[in-house]
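Here is a short briefing to read alongside the structure.

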Amino acid sequence: MKFVPYAKSLAVALSLAVMAGCSSTGGTQDGSFDTGSGAAGGAGMGGTNGQGVSSGQVSGSQLGGEGSQQQAGIPDVRTIYFGFDQDTIRPEFESVLNAHAQYLRNHPDAHVVLQGHADERGTREYNLGLGERRAQAVEQFLSVQGVSPSQIDVVSYGEERPAVEGHSEQSYAKNRRVVVAY
Amino acid sequence: MKRLTPLLFGWLLLFSSLASADLTIQITKGSDQAIPIAIVPFATDGAQLPEDLSGIVESDLSRSGQFAPLPRDTLVATPHSADEVYFRDWRSVDSNYVLVGRVSPQGDQYRIRFELMDVYGEKRMLGEALTVSADQLRAGAHYISDKVYEAITGTRGAFSTRIAYVTAQGAGDKRQFALHVADADGHNGHQILSSDDPIMSPSWSPDGGKLAYVSFETGNSAIYVQNLATGQRVQLTDFKGINGAPVWSPDGRRLAMSLSKDGQPEIYIMDIATRKLTRITRNGAIDTEPAWAPDGRSLIFTSDRSGGPQLYRRDLNSDRTQRVTYTGDYNSRGRFAPDGKSLFLVHRDSRGFHVARQNLDTGRLTVLTDTQWDESPSVAPNGAMVIFATQRGNQGILGVVSADGKASYRLPSAQGDVREPAWSPFLN
Amino acid sequence: MARAKKRVGYGLPVILAVGLHVVVLAITLLRWPASDPEPTSSAIVKATLVRTETATDKAQRAQEAQASAAEAKKQQKADQAEQAAARAEAEKQRQAAEAARQKKAEAEKQHEAELQALTQAREQAQEAARRRAEEAKQAARQKAEAEKQRQAEEAARRKAEAEKQRQAEEAARKKAEAEKQRQAEEAARQKAEAEKKQRQAEEAARRKAEAEKKQRQAEEAARRKAEAQAKRAAEAARQASEQALAQSIAGEEQAIANARQAREAANGFKNLVKQAVEQAWIIPSSAGDQQRAVVRITLLPTGELVDASIRESSGNAAFDRSVLQAVERAAPFREMQSLPTSAQRQFREFNLDFNPEDVR
């Protein structure tokens, strides 16, 4: 077949192609830190997440979203409440603790401090003991659910850190609590 | 003979009524009024003193609940020494005692002379002179109060002692905590520790030079000992779990404390020099809030091993533990009176939490206060008064009640909440 | 018209075309180095070498080459230094990261060790608890059996004791019956003896009475004579003595009435003193239980206090002082002046016994 009539158009096309290829400047800015941003399935925050993130945390933040706030994956509800003079886990809070247990089982590197509290009635040092009992009840619950004890620490603040001031039963009910702090 | 017998009978009757020449009238009760005393403002020879000495003595003695100083506008005379005192003046205003004195500046110091007169005995009971510097004037007045109190009641005065307490200001995450030391009347307070994290349970060493306390500054409770003169401190414990309720032994060498490092709060005794721990309780209950008997041979502590908090006594020689409180379902935070015969504690009844006294011989419990959220009772070293924390509206304040419950007063607090008071031992 | 086919030469157009392409290429190549420095100046970490080339001006190039060579050497040294620094920092970071990892590993090991110890302790505690529970059950069974035996034994003992009691009661009844018989016999004997004595006494009395009758008859005769003489004198004396008796009785009744008044007044005064002193007495709070003091008090007839002193001390100086003050405050007792003198005498000197009843 005759090549000649197509030669001109081929030559023009070739020249255009060469010109296009040479005029781009390429993408070599900040090259080394962008390996994460290109990963598929990211929540769209990958680009801004890139700066200053150490290698240890990248694995935790990348694995999908469950409706996260600051860090993706940790359950929202982190305070459970107790009845007067009680340290038993009420049924309505079992699902909350189950969610925390599941998160902790899936993230063996995650660590929680269970902060125990009591209401203001009675003497302070005895209330330190009551707060600790409640936090230990939560610890027991989590370990039964399979959470490793190395991921849990227990601290009691007794009546020293009330959530709500006041002498009413409602205030007391809001202070008898254990906070799951990551 | 028959005529004489009626006469004899009559005389016998008369004689019989005279026969009890040693007549005795039985006095079986008195009044528990406060003792009236006239405190005449001391002469100052025209000098302007920075402190009103007789005013300080007046408020010391009236706070004790045992004295009723006469109001100044009812003083019938103003003597300043024993020879200026006319006893009938003071009998006419029903005053049992008169205190007079004189202050003379001497360079940058002051010489104070004071005399205490017994009005009905018509004699001088007490007379002394002391020299103090300007910043020691309050201490001089407290010394006079101590001497007057002891001369009249027979009990040593505790007006020259100090108190430690914790304050909390602000709310939520911005709450600031501080540990303070002040005179027993609340004056001359200064801060010895400030923190973003809670401070609890101050305890005075027997020589009055150190405080042990609990601080959460490391994120968990830990026990510290701080030297008050130098400000230096040592962290004594950092066990896992609760490190709380430190109390000094009477010989100053050991601290009893509550540690939950073995699963739940238990009582331990730590030798301060060697840091060696001796475990005292061993059960699944909360055992906390220990206190030493004045002879150092036993401890009382709070335990809920019977279901609710009650006080128990542990003999350190025989290692036997015995329950002490049986009234009501909540008794905690016991402290010994200095004579070892009674305990001051927190008792809950249907109206709330009160300071109460339990007699150890009879087991009788007497409620001393009618406020509702009382805690942390601490006994003065003369056993006459008890300081404690309570609530007034929404503010935490300190209250003081006499050991028999008859007199009480509040200590003023500037801002925020005040709690956890501790009364020092005798310091002089 | 005839077209003559001319053979067109490809050589010239090809040369021109190629030449055009070469020119175009050259132009684009010229642009290349001009745009290069911009991106590299915005890079923070890296510093890249900048080279300028002009294809046309060789002379300039030579000079510039020398200058750039000198600059290049300086920059090379700077770059090397920076690279070395970057490497050093990178190494430090690596070492720090490794150290942190090691610490975490150690901490985790410690955590694990503690947790293992805790779990072991828990297991041991659980086992110990199980053993104790079993032992407790066995002990409970044994106790239950022992108690059954004890109850059986106790039931047997009670039966034995009940029988003993019955026997004792029967013996007691027999003894009581025997004693009743004895007492009845003794009573009968005593009655017989008493009746004998009475009969003897009555006979003796009869004899005496008969003798006395004879004596009286003789005396009566003598008396009748003397009575007549005495009657006259006696009547006079009787009148006189009756008058004297009447006077003395009247005086005695007054004395009794005075004595009653004095007693009542004394009681009244006693109560007054008691109330006044009790009102004036401030009991010191340092008083222990069972405190007691006795004060001796001396008054003038006007009721003023002459002296009050401790007769029996309580042992507590404050208590002693308080009782003296109470007396001194309650005095003077002016009501003493309205006391009858007989009563006043009691209160010139007396005691006050201070013994509070309800001390806490």
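**Strand pairing in chain A**

Within β4(A), Val178(A) is the bridge partner of Gly116(A). That pair is a handy way into this model, which is predicted.

*Around β4(A)*

- Strand β2 of chain A (residues 112–117) pairs with β4(A) in the antiparallel sense, and 4 bridges link the two.
- Strand β1 of chain A (residues 79–81) is also joined to strand β4 (residues 177–181), here by 3 bridges, and these strands too run antiparallel.

*Chain A as a whole*

- Chain A contains 6 helices and 4 strands, and their order along the sequence is α-α-α-β-α-β-α-β-α-β.
- Chain A has 182 residues, of which 26% count as buried.
- Take the contacts in chain A between residues at least 6 apart in sequence: 64% of them join residues at least 24 apart.

*A helix pair in chain A*

- Helix α4 (residues 94–106) packs with helix α5 (residues 124–144) of chain A at an angle of about 55°, and their axes are 9 Å apart.
- On the α4(A) side the contact is made by Leu97(A), His100(A), Ala101(A) and Leu104(A), while α5(A) brings Val138(A), Phe141(A) and Leu142(A).
- Sorted by class, this contact of α4(A) with α5(A) has 6 nonpolar residues, 1 polar residue and no charged ones.

*Where chain B meets chain C*

- On the chain B side 30 residues are in contact with chain C, and on the chain C side 42 residues are in contact with chain B.
- In chain B, α1 (4–18), β1 (24–27) and α4 (137–153) each supply at least two residues of the side that touches chain C.
- The largest share of that side, 7 residues, comes from α1(B).
- By class, the side of chain B that touches chain C has 11 nonpolar, 14 polar and 5 charged residues.
- Strand pairing crosses between the chains as well: β1(B) and strand β3 of chain C (residues 349–354) run parallel and are joined by 4 bridges.
- Within that pairing, Ile25(B) has Leu352(C) of β3(C) as its bridge partner.

Methods. Residues numbered from 1 in each chain as written. Chains lettered and ligands numbered in written order. Predicted model: local features only at pLDDT ≥ 70, side-chain atom pairs only at ≥ 80, totals over all residues. Contact = placed C-beta atoms within 7 Å. Nonpolar A, V, L, I, M, F, W, Y, C, P; charged D, E, K, R; others polar. Pairing = 2+ DSSP bridges. Buried ≥ 20, exposed ≤ 12 C-beta atoms within 10 Å, placed from the backbone. Axes fitted to C-alpha atoms, helices over the stretch in contact; angles between N-to-C directions.
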